[in-house]
Amino acid sequence: MISRPLAAAVSALAEGPRAPLADLADPAAVLAGLMDLHGSVSLARELSLLDRHAAPPPASEGARAEVRALAADRLGELAEALDQVFAAPFHRRNRLPDAAAVHATLEQTGLLPARAARDRGGRPLASAVGQIWEPFGELMGRLLGRIRLDTRALREELAPSLRALGPEAARLERLDAAISAATQKRRERALAELVPGLSRAFARAFRAAVGALPEGAGLEDVAGWFGQEQWLLRELQRMELVVQAVLAHEAGRLLSLVDGAAAAGAPA
């Protein structure tokens, strides 16, 4: 499913009018909107096999708490690692350009020196924004990829423990797996909109910042872009919000499954 934080992130980055997402209060409408014909057929097939597995006996309260603690700990570790990236975004591990590198790109593309703002446009501007955005886009790709891989690995690790919580928990886990497989393409399509949307926002802010540079601008003027409350930090904050939204979406799906399985596995 598409969570509210992720839906908000996608909508905020969209250009122009956008068809509204299905009402998130209506799970059936959301599910229908996330499946194509192949996904619908696949889900129907999996549902027909759902109750053909051997049912384990109900698990203890300790086992249910252990699964929940494992999921929360692993997701907490992932959140902490992502927070560290944005706490020091220009640390060399993130491979983002510093002021000197940005200034050099402006010179190499011909944007600097320029006598007036009207001379800072066209192909030199497009070339400069493409080169400067590239490492930011690569960082976002790495972060979103890590969220996807880490949460997928955790989901696979939790599956046997969830099924061991009892027959209803096992049925819920298999149902979740079937729905996830059936909706995977549409969910990935929504996620794929995020980095291009960030790129467009970055380009708009970059064009405005270049146009505002004074005549004869030098390294010290470009270095000002890296200060607090400046456009570059605002774009990094936008990227951080997107990362947090994707993590909240994936973590929410996992924790909802764990909580649901734990409740289903509890004695009546």
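Student: Which residues line the largest cavity?

Tutor: The largest cavity is lined by Val102, Ile132, Phe136, Phe202, Trp225, Trp231 and Leu232. A cavity here is a set of points on a 1 Å grid over the protein atoms alone where a 1.4 Å probe fits but cannot get out, and lining residues have an atom within 4 Å of a point. This is a predicted model, where local features need pLDDT of at least 70, side-chain atom pairs count only at pLDDT 80 or more, and totals for chains, interfaces and linings use all residues. Residues are numbered from 1 along each chain as its sequence is written, and side-chain values use heavy atoms, with hydrogens and water left out.

Student: OK, new topic. What angle do H5 and H6 pack at?

Tutor: About 155°, with the axes of H5 (residues 99-108) and H6 9 Å apart. Axes are lines fitted to C-alpha atoms over the stretch in contact, and angles run from 0 to 180 degrees between N-to-C directions. That angle makes H5 roughly antiparallel to H6, a label for angles over 145 degrees.

Student: Which residues make the contact?

Tutor: Val102, Thr105 and Leu106 of H5, with Ala128, Gln131 and Ile132 of H6. Contact means heavy atoms within 4.5 Å.

Student: How about H4 and H6, what angle do they cross at?

Tutor: Roughly 170°, and the axes of H4 (residues 61-87) and H6 come within 10 Å. So H4 is roughly antiparallel to H6 too. By class, their contact has 15 nonpolar, two polar and four charged residues.

Student: Last one: what volume does the largest pocket have?

Tutor: About 500 Å³. A pocket is an open set of points with protein on both sides within 12 Å along at least five of seven lines, and a volume is the space filled by probe spheres set on the points. Of its 19 lining residues, the closest to the centre are Arg152, Arg155, Ser180, Arg187 and Arg253.

Student: Which helix gives the most to that lining?

Tutor: H7, with nine residues.

Note on methods: Helices (H or I, at least four residues) and strands (E, at least two) are DSSP runs, numbered from the N terminus. Angles under 35 degrees count as roughly parallel, over 145 as roughly antiparallel, 65 to 115 as roughly perpendicular and the rest as oblique. Ala, Val, Leu, Ile, Met, Phe, Trp, Tyr, Cys and Pro count as nonpolar, Asp, Glu, Lys and Arg as charged, and the others, Gly among them, as polar.
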